[in-house]
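Let's walk through this one together, starting with a helix and ending with some rings.

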Amino acid sequence: MMQLRDLLLIATLFGVLIAFVVVSPGRAPSLAPDTPTTYSSAPTGALALYEWTRAMGYDARRLEYRPFELTDDDAVLVMLNPSAAISKDHARHIRTWVERGGTLIFAEDTPHLFSISDALFDELQMRMTVITGTQEIERVPALQPVFDQPPVRELNVRPRRALAPQRNDYAPLFGATDQILIAGVRIGQGYVYISATTHPFTNRGLRDRQHAALVLNMLRRAPPGGRVLFDEYHHGLVAPPAPTDGLLRTPWGWAGIYAVTVTALFLLLGGRRFGRAVPLREEVERRSSAEYVESIADLYQRGGKRAYMLRHFYASFKRRLAQPYGINPQVDDREFVYQLARLRPIDEAALLALLAQLRATPASDAELLRVVAAADAFIQAQTHERG
């Protein structure tokens, strides 16, 4: 039986270990390693663009951990390879914001036929097509001399996708005659730059002077010190970090959870339940009557109840004298002494004096003990005479 329980315990622990390895952060990263997020310093990240924009004096911010909202104070919105689908509501919100004067810089180059940005493409009346091996673009020259501060002549990229505009009022900016890589569209009072490649905006791409010049020309539509938002919302940063994120999103946190789980299972399956508490000897021993009498006497002594105790001895003394002769101990002292003297010879004066002392209030504990001792001696003398 013990061997079977040990085998079940080992199997359970190995099952928990396998489950933790499968779902741990090391196996399931939240973002692809080549995501152009402003938190990444990898070659395909966009941290350099974010820091460079701040260094140029723009009010660069990340749009993250809050509702996806754009205001008139936001001059430029930069969206690079969204990893979460852009909803129709967000797409309409972006178009309305552009119509009011905003500038959108949108770049996507995922090699998939269907894009998660289709809702935004519908609003902008754009599409993207995949470039095959026979259609590969060798050079990406400027199609119009629009970007001239500083001038941009050619981009050093190998695009995998090309734009397929569904409208006529667009400006082809870079690419070939039938394969447009970057286009511009004026919508209302604002402007949209759409790129079929993210490389010029990445950490590695900005090392090329032509790519850096391209970004400078696009940002010139924002006023000096204007606000430039970098969309991290559609990279998955949609909710404020919770206190449990450190536990659930880091290897050390998962290791701690696994250790606590294994320890709890070991104690639950391999431990022994506690028995009933063993009572102390003092708790089960019965107290003697002498201890009770001593406690009561101590309470009376502490409370100064000498008169009360002497009255108790007075009543007890008369009962002990009256019991052998059937005399009523409640009668007056003189009547009690008279009836007792009729039945046996006693010193009536001494007994009356002793009864008077028992009714009086003693001045001290010593006086109380003296009177009680005298009463006991009188009883013993009477008993001896009867015997």
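Which helices do the buried residues of H11 pack against? They pack against helix H10 (306-322) and H12, with contact meaning heavy atoms within 4.5 Å. Before going on, bear in mind that this is a predicted model, where local features need pLDDT of at least 70, side-chain atom pairs count only at pLDDT 80 or more, and totals for chains, interfaces and linings use all residues. Residues are numbered from 1 along each chain as its sequence is written, and side-chain values use heavy atoms, leaving out hydrogens and water.

Helices here are DSSP runs of H or I with at least four residues, strands are runs of E with at least two, and both are numbered from the N terminus. In H11 (residues 333-343), the buried residues are Asp333, Phe336, Val337 and Leu340. Look down the axis of H11 and these fall within an arc of 95°, so they line one face of the helix; the arc is taken from the directions from the helix axis to the C-beta atoms. Arg334 and Arg342, on the other side of H11, are exposed. (Buried is under 20% relative accessible area, exposed over 50%, partly exposed in between, using a 1.4 Å probe and protein chains only.)

What about H12? Its buried residues are Leu351, Leu354, Leu355 and Leu358. Down the axis of H12 they fall within an arc of 100°, so they too line one face of the helix.

Now for a charge over a ring: the charged end of Arg221 sits over the ring of Tyr191, 3.9 Å from its centre. That label needs NZ of Lys or CZ of Arg within 6 Å of the ring centre and within 35 degrees of the ring normal.
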